[in-house]
Protein chains: 2
Amino acid sequence: MTSESSPLERMNAVLSGKRLELARLLTEVENDTPAGQVVLDMLFPYTGKAHIIGITGSPGVGKSSLVNQLVRQARKTEPEKKIAVLAVDPTSPFTGGAVLGDRVRMRDLYGDPGVFIRSMASRGALGGLALTTGALAQIFDAAGYSSIFIETVGAGQSEVEIVKLAHTTIVVDAPGLGDDVQAIKAGILEIADILVVNKADQPGAESVVRTLKGMIEMGSASSLRDHFGHHRDENDSTFSGEEPSSDWIPPVLPAVSTRPDGITAVAEAISAHKNYLIQSGVWQKRDRDRLKAGILQTLQSRLLTDWQAAHGSVSLDDCVEELSQRKSTPQEILRKLMA
Amino acid sequence: MTSESSPLERMNAVLSGKRLELARLLTEVENDTPAGQVVLDMLFPYTGKAHIIGITGSPGVGKSSLVNQLVRQARKTEPEKKIAVLAVDPTSPFTGGAVLGDRVRMRDLYGDPGVFIRSMASRGALGGLALTTGALAQIFDAAGYSSIFIETVGAGQSEVEIVKLAHTTIVVDAPGLGDDVQAIKAGILEIADILVVNKADQPGAESVVRTLKGMIEMGSASSLRDHFGHHRDENDSTFSGEEPSSDWIPPVLPAVSTRPDGITAVAEAISAHKNYLIQSGVWQKRDRDRLKAGILQTLQSRLLTDWQAAHGSVSLDDCVEELSQRKSTPQEILRKLMA
């Protein structure tokens, strides 16, 4: 593949599993180049098969090593299936960024042609992170990767965004974290399809398992999802509240991710959740919701581009100036712009 | 004020500092009620004066107690100035949520009529968090609060969003946090105008101060902001890269937020940064950028509403169905929708 290859040639190279062309396309799409977007769009008909698994949790719980173990195990039990790992890192140029992260994470899995690991830097992505992550996952999906693990470091908005991408969300917890961390943990509990208590060989692990099980029993899955649904954006149809919600009760599974202990149970829970999604129709529904949200977002930005082309940017700058001097209110300006 | 009060009466009540009406409006705007939006819009001409200060950092570094000390100190030195605190909590119904947070935080400042503390739940806000936080800050601004502290718990996307709202961003750090936490910390370092090393009486604090100072020297302010600017969204004009970037070097200040130690230096740095912003013209520029981003966002969602009204929702659902069956690519669908 040279830089002169046609989009069709590039698409076929990705579809036939050429790693170099895959890597090149991932980079182009991450950098949002027009050529990359063309190939990405052409790959779309080949997507929709991969199982996307989100892994999240507070810093220090051992998410990377858990993913590492899950991938190793899957490669042993089903060697015919390819697996991708997308690590979303909030690292900065200070720490060496994504490249170093790749190398550290790849240590165990490096050299396995059935595994592809990719780090993304989340810094500065400013709302575009979920979009880019989704696009990269789509490329892996088309390229025949059966499972795509998306791992995020941190706790907050980005975790909630993962839910929209992932079919199955694993929230990882561990004993020995401070009180402040507990509060954050509670906030992302409601997005969990599977809970893993990592470092289960350390003091306090049993108590964490008990507490989490108690929380799951207390807040039934249905009331949680309802709650979640009520806060969604108006234009965000990802959670439509129509999903059958009470059928799946998130299991709480102890694990020691530096050893294979407990990994089999986690892998089984991932499979069980996938089966549940497909049998209940939630898989298809989420796919449709995700596609709808995507098309709405693209449509919206396209409508703005067209509006700007028709109205010119001069009047918009004048409006901003008026606002800046507090001479008009935003609603007054909006009425003027839409007139 | 009764529920029959006119928008004008309600606006005047907020402008004249009526706490009850202020609280009522905050709730309405948080719940996005039409009546609340009308009053919010009417208040706009009275905004633009408050200094918005974002406080962020990893869990457990003591952000709340730092804010507490800063507010107490400011109330002593400038008692004529009112201060608001907006705490953005990723807590969930599991932990008792925002109400409990209010009470815990208010302990010290409760009963001071010059202080208003408000907690927001970030769970489920799904991208709308920054919008709502900005609206609440605007209400405090119009109501004559000179300083508005916005405190977020967590690390990730939401911290980056704060930068867009805050004039001055304080990143809080502390000794004794794990390696994983250090990585996250590095990610948000680049948004810091002021760095505070809290728990400065604990072992390792001096080393944290040294490390942070080294990082600040290494990556000059200018290269950091350039880097940041290159990753912004296309439609996000908040960071336009035109700001004078090398004039302000973020100070690294030790503090012990459970006592007033070091608080004076932090308060002085906040003032100094405000003066820098005003004298360099960055204050006005950021205000304009923020207003422009806001009007673009509103315009965009309005254009979509109008488009949907004109085209009906039936065709959109058909398009989603076609996508769902992988019969067309997103670009093909978009061309069809825009035809």
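This is a predicted model: local features need pLDDT of at least 70, side-chain atom pairs count only at pLDDT 80 or more; totals for chains, interfaces and linings use all residues.
Q: Leaving aside neighbours within four places in sequence, what is B:Asp287 in contact with?
A: Beyond those sequence neighbours, B:Asp287 touches A:Ser324 and A:Arg326. B:Asp287 itself sits in helix α12 (residues 282-311) of chain B.

Q: Why is B:Asp287 called buried?
A: Its relative accessibility is 13%, and buried means under 20%, so B:Asp287 counts as buried.

Q: What makes A:Asp287 and B:Arg326 a salt bridge?
A: Their side chains come to 2.6 Å, N to O, and the rule asks for a side-chain nitrogen of Lys or Arg within 4 Å of a carboxyl oxygen of Asp or Glu. The pair crosses between chains, from helix α12 of chain A to the loop between α13 (314-324) and α14 (330-338) of chain B. Both A:Asp287 and B:Arg326 are buried.

Q: How do you know that B:Lys292 forms a salt bridge with A:Asp317?
A: The closest N and O atoms are 3.5 Å apart, and the cut-off is 4 Å, so the pair qualifies. This pair also crosses between chains, with B:Lys292 in helix α12 of chain B and A:Asp317 in helix α13 (residues 314-324) of chain A.

Q: How many salt bridges does the rule give over all chains?
A: The count is 26.

Technical notes: Residues are numbered from 1 along each chain as its sequence is written. Chains are lettered from A and ligands numbered from 1 in the order in which they are written. Side-chain values use heavy atoms; hydrogens and water are left out. Helices (H or I, at least four residues) and strands (E, at least two) are DSSP runs, numbered from the N terminus. Buried means under 20% relative accessible area, exposed over 50%, partly exposed in between (1.4 Å probe, protein chains only). Contact means heavy atoms within 4.5 Å.
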